[in-house]
Amino acid sequence: MLVPLEFIRLRTLKVAFAARRVRALSYSAPPYSRETRQTPGMRSLRFTQAALRTPLRQAPCSACAHRMPSSRRCQSTSTDSSDSTAPKTPQTHYAFFPSTLPSGPPPAGRFNVDTTALKREFLQLQARAHPDLHPPENKRKAQALSARINEAYKTLQNPLLRAQYLLSLRGVEVAEDETAKVDDPELLMEVLEAREQIEEAESEEDLVEMKEENDERIQASVKVLEEAFEKDDVTTAKSEAVKLRYWINIKESLDGWEKGKPVVLEH
């Protein structure tokens, strides 16, 4: 009698276990909430997602010990990347006019200048460098560049200023040097006679011949300067530049002549 009873108990347990499985399969899990206990796998997944959303902190620069974006890390403070691409300002007046003066200053280039071509290139430069054509943040730089272009043109188109400028590049200042005078009695006498003749003139017709003679002096002086700079003869160039300053002063007095006006020849 014990065997059948035990058999019935086992059969009852199997039925109960099967019913429990059916209920477990039909059970619907409640929605997830913050209070729901998370498994280790779920916590790992959430940490990974949070890490991906968090921006990476840059490592400190070994040179300056400050955190900075990787694109600027270890950038030297002595140089600027914009300097390598920024256009450089010409170092001499000649560099402003590459079309007219491609060879630069003497002795590589010539002393004489094609003033017509120089003026044409000057106008083109000023049209591009005019401050009104640049944004406000670059206006001051444009003004400075325009002033330098004006100075370069004024200097190079005048043979006397050109000679004085070339001498200054060689460390010789004659433009403002009062001691740079010609110790030539014949030359000084010729200058004084020219001054008296200009003051005594009654009309411009009286000065026509004198203008022609003085223009010839200027041309001869320019030729001497060209040869001197071609040979890089600084001594001769300095002496002739002083002479040319006399002839230019006489020319200015002749061009600005007025009857009874005193003549002052600067030297």
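Author: Buried means under 20% relative accessible area, exposed means over 50%, and partly exposed lies in between, with a 1.4 Å probe and protein chains only. This is a predicted model, in which local features need pLDDT of at least 70 and side-chain atom pairs count only at pLDDT 80 or more, while totals for chains, interfaces and linings use all residues. Residues are numbered from 1 along each chain as its sequence is written, and side-chain values use heavy atoms, with hydrogens and water left out.

The protein has nine helices and zero strands, where helices (H or I, at least four residues) and strands (E, at least two) are DSSP runs numbered from the N terminus. Of its 267 residues, 27% are buried. Q164, found in helix 6 (residues 159-169), counts as buried because its relative accessibility is 11%.

As for the pair, the axes of helix 4 (residues 115-129) and helix 5 (residues 139-156) come within 10 Å and cross at roughly 170°, the axes being lines fitted to C-alpha atoms over the stretch in contact, with angles from 0 to 180 degrees between N-to-C directions. Helix 4 and helix 5 are therefore roughly antiparallel, a term for angles over 145 degrees. Contact means heavy atoms within 4.5 Å, and on the helix 4 side L118, K119, F122, L125, Q126 and A129 meet residues of helix 5 that include A142, L145, I149 and Y153. By class, this contact has nine nonpolar, three polar and one charged residues, where Ala, Val, Leu, Ile, Met, Phe, Trp, Tyr, Cys and Pro count as nonpolar, Asp, Glu, Lys and Arg as charged, and the others, Gly among them, as polar.

Terms used:
Angles under 35 degrees count as roughly parallel, over 145 as roughly antiparallel, 65 to 115 as roughly perpendicular and the rest as oblique.
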